[in-house]
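Subject: Structure handover

Hello,

Please find the structure below, with notes on what was found in it.

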Amino acid sequence: MRAFVPFAAALLLVAPLCTPATAQNRAPAIETFPAPPRPVPPRPVTRLEPAPDARAEYDRCLARAAREPEAAYEDAMGWARTRGGGEAALHCAAIALYAQGRFRAAAIAFTDLAQATRDRRPTLRASLVSQAGHAWMIAGEPARALDAFAAAIGIAPDAAVFRIDRAEALAAMGQDWEAIDDLDRAVDLAPERGDIYALRAAAYRRVEALDLAAQDAERAVELAPRAAESWLERGIVNRLKGDKPAARRDFRQVLLLDPDGETGDAARANIERMELESGPPVGRGQRR
């Protein structure tokens, strides 16, 4: 998953579709060590549609923001101030701020642009707001991030991606049942997306609803067999359930798919800990 979470106001919390964890099989007496959702680069925002004579400069600015964000920001602001760059220039400037790691400033820039844009596409405005949320999350302001995600959902309530964004933010704040509510709705909206099931499996695991976690982890592997995160989550669930051979097979599959990434590191650490028969399961992004 994904740096992370967008803004605004309209907390549509769907009523939980499942009973508390006490009604489910709990994890065995092995301390869980889940991978907390971590900041990831924001999802690509829908492109603006500048006037034909501005498209080439817009494309150049975006490309430079990825390579030289400081210079791209200065260029974008100069374009906005003196050459009528308008929304295209301001969009490039916001992306350049994010690329520099100036996340609070980027969040404000994305929010202002979402509020001011004359483009009436709901998905564009919601995506801009969501990018602001991701920036707020990395800036250490999760409450503002949640507002941003709620705003994105308010603009585009039938877009699964914004439910996922808010769920990741809620999970990062330890609000796993609330995250599950959003992921339930995301599954309704995009039932063939394996990543949603993997995220929900992790949330169920953290609230010790291990049977539900196992079901979702299995579905994640079925829908997204090339996603290392699916196999990692199933491996962790199998380890918690005491099925070390199955867990080991899942972790080895992770190593085939992502040998050098964080997911592979987590799988390797879990294998080592199983061999030692000590230590909690290791999720993606966690220290060994």
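Helix α8 passes α9 in a left-handed crossing; a crossing is called left-handed if the near helix is turned anticlockwise from the far one by less than a right angle, and right-handed if clockwise. Helices here are DSSP runs (H or I, at least four residues), and strands are runs of E of at least two, numbered from the N terminus. The axes of α8 and α9 come within 9 Å and cross at roughly 155°. Axes are lines fitted to C-alpha atoms, for helices over the stretch in contact, and angles run from 0 to 180 degrees between N-to-C directions. The angle makes α8 roughly antiparallel to α9 (over 145 degrees counts as roughly antiparallel, under 35 as roughly parallel, 65 to 115 as roughly perpendicular and the rest as oblique). On the α8 side the contact is made by D176, W177, I180, L183, D184, A186 and V187, and on the α9 side by I196, Y197, L199, R200, A203, Y204 and R206. Contact means heavy atoms within 4.5 Å. By class, the residues of this α8 and α9 contact are 10 nonpolar, no polar and four charged. Ala, Val, Leu, Ile, Met, Phe, Trp, Tyr, Cys and Pro count as nonpolar, Asp, Glu, Lys and Arg as charged, and the others, Gly among them, as polar.

Before going on, a note on the source: this is a predicted model, in which local features need pLDDT of at least 70 and side-chain atom pairs count only at pLDDT 80 or more, while totals for chains, interfaces and linings use all residues. Residues are numbered from 1 along each chain as its sequence is written, and side-chain values use heavy atoms, with hydrogens and water left out.

Overall, the protein has 13 helices and zero strands. Of its 288 residues, 51% are buried. Buried means under 20% relative accessible area, exposed means over 50%, and partly exposed is in between (1.4 Å probe, protein chains only).

Two further helix pairs

Helix α7 (residues 160-172) and helix α8 (residues 176-189) pack at an angle of about 165°, with their axes 8 Å apart. That makes α7 roughly antiparallel to α8, and their crossing is left-handed. The contact involves A160, R163, I164, R166, A167, L170 and A171 from α7, and D176, E178, A179, D182, L183, R185, A186 and L189 from α8. These residues divide into nine nonpolar, no polar and six charged.

Helix α4 (residues 103-116) and helix α5 (residues 122-138) have axes that come within 8 Å and cross at roughly 160°. The two are therefore roughly antiparallel to each other, again with a left-handed crossing. Among the residues in contact are F103, F110 and L113 of α4, and L128, V129 and W136 of α5.

Cores

In soluble globular proteins, nonpolar side chains tend to be buried together. A nonpolar core is a set of buried Ala, Val, Leu, Ile, Met, Phe, Trp, Tyr and Cys residues joined through side-chain atoms within 4.5 Å. The largest one has 58 residues, and F110, F162 and I196 have the most contacts inside it. Leaving aside neighbours within four places in sequence, F162 touches T123, A126, S127, S130, A152, I153 and A156. A second, separate core has 24 residues, including A201, L210, L212 and A217.

Single residues

V237 is found in helix α11 (residues 228-240) and is buried, with a relative accessible area of 1%. Apart from neighbours within four places in sequence, V237 is in contact with R205, L210, A213, A214 and A217.

A105, in helix α4, counts as partly exposed at 31% relative accessibility. R118 lies in the loop between α4 and α5 and is exposed, with a relative accessible area of 68%. R118 and E87 are 31 residues apart in sequence and 8.7 Å apart in space, C-alpha to C-alpha.

Most residues other than glycine have a negative phi. E208 is not a glycine, yet has a positive phi of about 70°. E208 lies in the loop between α9 (194-206) and α10 (210-223) and is partly exposed, with a relative accessible area of 32%.

Regards
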